[in-house]
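Student: Can you go through this structure with me? I have it open here.

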Amino acid sequence: MAFIQAVIDGLLIGGVYAVISIGLTLVYGVMGIINFAQAEFLMIGMLVAWFAWAFLGLDPVLAAPLSFTVAFVIGWFVQGQLISRVLKAPSVAQIFLTVGLLIVIENSALLAFGSQFRSVTTWYQTISLSLGPLFVSVPYLIAFAMSLACGVALWWFMRTSWFGRAMRATAQNPGAAQLMGIDSALMYRIAFALGVGLTAFGGAVIMPYVTVYPGVGGQYVVLMFTVVVLGGLGSVAGAVAGGLAVGVIQALSALVFPIQLQNLVLFVVFILVLAVRPQGLVGASR
Amino acid sequence: MKRWIAFAIVVVVACLLPLALDPRGYWIRVLTFTLLFAAMAQAWNIIGGLANQTSLGHAAFFGIGAYTSTILLLKFGLSPWIGMVAGGVFGGVAAFIIAIPTMRLQGHYFALATLAFGEVMRVIANVWVSLTGGPGGTSIPFSPPSFANYSFKLLLPHTYIAIAALVITTLIFEWIQRGAMGYRLRAIKENPSAAEVIGIDTTRVKLQAAVISGALMAMLGTLYVQVAVFFDPDTVFSAAGISIRVALVAILGGIGTAIGPILGAFFIIPLEELMNEWFSSSAAGLSQLIFGLILIVVILWRPHGFVTVFRSLRAKFTGGTAR
Amino acid sequence: MSILEVHGVSRRFGGLQALSDVSFSVPQGQIVGLIGPNGAGKTTFFSTLVGLIRPDKGSIRLDGESVVGLKPHKVAHRGMTKTFQNVALFGESSVLDNVLTAGLLRHDVDAAREEALKCLDRVGLRAIAHQQAGLLSFPERARVELARALCTGPKVLLLDEVMAALNPVEMQEVMDLIRSLRDDGITLLVVEHHMRAIMTICDRVLVLNFGKLLADGTPQQVANDPQVVEAYLGKSMEKRA
């Protein structure tokens, strides 16, 4: 029974992991860059939600679109001013530009808001629904539902809108897309802004059960990479599967290992997947 | 020949410099750490610069060196000198083990895998309390001052050891770069298939580079903690504090060049110290923020590091062409 | 005694049978031309011989010993290497360093440098030894590539279109070079689109079509083989149309 309970918790948490990691895989899929600062946008999303809750009295889950918007705007600027300059640079320059961004965002937050931990209180925070012997935590459920809605919205956007199709075309063949009149620089901006926006959205919806502080991104960096590598870097569908898988792996390993070793299991899975199947377990479809 | 004379002059000046500083002061400490970071960046440069494999996990080897010598000293009373050699062996073995699955990976993938490896080591060191003392940290125990015990009353001997370490790692780097292995690594970096077809065992050469780099890094870990005296798993296995910083020093200075790590270290480490000194009490995060901004500016402005500034200056004066 | 014996080599990529049941053997000191329409599998075949691609079936014996399943550097060590069709130099290194690196297979750095200079002499590029390889013209790069392959000290050398984009004078030089290499005892397999060159220098010609060996004989025999004429010329007619 504990096993089934862990799988349920894992899937619910994993849904959120999927949404926060989609941005990472989207950016890689479209322009071949891994954004080491991606988790910092999670922190931004969490902070925006916290402020919306503290000053506007807004439930963090309802503040998620606001988090998305703020991160989208920052992402738009970052892509246009910084990332666009290293698209053709050696990978070491790309890696360290985003590492620099990570340092800047984290320490800007530290400077502006201090190092204290911030959390929200909501009426549903501690409620669980019981299904016979099993429990479903309401904040997990809400976060999962929001993530699901967000994922469906993204899927719809990518499938049906002109921008979505243009972006997929750019990912497959930037040169050809350009010839068809698609502005690839604009596509990159949209992809990056959308990617960090989704991550921030995920940050807002988890606020009912986590706390935010400037270094919180560091807790999610390897986790997010594990999600996207499991699913195949660049594959959005893969990130969803990877997110759910990571959630379940975490929940199950918590049954067997002490809490400190939970991340270790994740790291080892991560290195093994990279070593054995760098294209991901799910497949290489973009 | 001219290069060697220049090199000798630099070494002599470097040896005189510490004498000009207050032996009990703050700056000699900064100088010592700067030299050690330059040496570490040079060790990183073997795999990161020559083999073009951007490692973000060198803290793993650094921490192995730090803990090996300290545990040997605590549990068996062995001198840190012996511990340094043992740490080098363990560091090389660890580099070998991690290189086998990750060597085929390139660019971002290699960076990710090594980053995760460093984190694995950090978690293990935190959890394996009976061996490492766990998150509470470890102090280097006091031994009677002597060279054999690697214990000194003043910081000055540590500074000279750091100079020697930097000279030795730089010579090893140069030796590799100019020798057969350097040619092979450059070939692999530029075209791995062509390198194989003309007879280069690409797997083996990359493994060799990884092992040398990891072993040197571990030995430098031993030297570092003799100066730091107290450390815990989160500092010696730190991704940001060691892995990324070491790579950064090499990249800012000029990746793949012997002078790059030295330029980078003498720029960034004292600057960081100064900023910490000025800002840490008034505004937490400001010094790191500036650090991050400098990194972004340098990458955008001089993607091949400061060394290119010197080259273009030299070209301006000699009328040659800049590279 | 054959220096190179290939028997029943096949290789499939997904739905494409890139090589099927290729067999032939080459005595030492021959120049063998390998021709066929685009996509016939010539480059795949060379890559298979040197170990970049593993055959699904078949045996490859170099100087009596099997080299199937060996990594390319081992095959190079046994004495077989190739040049790359689209030229795969170490572009940021100098011409000399490119060739020197290959010399390290059998020499230390100093001896490799001597050997590399000899090889550059042979291809007539000694004068530009210190130029950066990536900045050369295509015909020059192809010759650096030839010198580099030569510097590994091969018994069997596979040349993949080293004469592409050469003018008639340069082509004559390379043809003379290939002959002189043969006179030194090196066995050469040459992929070339330029038919006149193939017909002039080759002792023997193999024709590959859709991964199958279509013909094997002297240049005259092959040129008069109706099957070859149809496959080869028919194909190029079609393309022209």
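This is a predicted model: local features need pLDDT of at least 70, side-chain atom pairs count only at pLDDT 80 or more; totals for chains, interfaces and linings use all residues.

Student: How many helices and strands does chain C have?

Tutor: Chain C has nine helices and ten strands.

Student: And what is its radius of gyration?

Tutor: For chain C the radius of gyration is 18 Å, close to the 18 Å that the globule rule gives for 241 residues, so chain C is as compact as a globular protein of that length. Its C-alpha atoms fill a box of roughly 50 × 40 × 35 Å along the principal axes.

Student: What share of chain C counts as buried?

Tutor: 47% of the 241 residues. As for contacts in chain C with a separation of 6 or more, 65% come from residues 24 or more positions apart.

Student: Now the hairpin. In which sense do strand 9 and strand 10 of chain C pair?

Tutor: Antiparallel, over five bridges, with strand 9 covering residues 204-209 and strand 10 covering residues 212-217. C:Val205 has C:Gly217 in strand 10 as its bridge partner.

Student: What about the turn?

Tutor: Two residues lie between the strands of this hairpin, and C:Phe210 in the turn has a positive phi of about 50 degrees.

Student: Switching to the other chain: how many residues of chain B are in contact with chain C?

Tutor: 16 residues of chain B, against 26 residues of chain C.

Student: Which element of chain B gives the most?

Tutor: Helix 8 of chain B, with six residues. By type, the side of chain B that touches chain C has seven nonpolar, four polar and five charged residues.

Key:
Residues are numbered from 1 along each chain as its sequence is written. Chains are lettered from A and ligands numbered from 1 in the order in which they are written. Two residues are in contact if their C-beta atoms, placed from the backbone, lie within 7 Å. Helices (H or I, at least four residues) and strands (E, at least two) are DSSP runs, numbered from the N terminus. Ala, Val, Leu, Ile, Met, Phe, Trp, Tyr, Cys and Pro count as nonpolar, Asp, Glu, Lys and Arg as charged, and the others, Gly among them, as polar. Two strands pair if DSSP finds at least two bridges between them. The radius of gyration is taken over C-alpha atoms; the globule rule is 2.2 Å times the number of residues to the power 0.38. A residue is buried if 20 or more other C-beta atoms lie within 10 Å of its own, exposed if 12 or fewer, and partly exposed in between; C-beta atoms are placed from the backbone.
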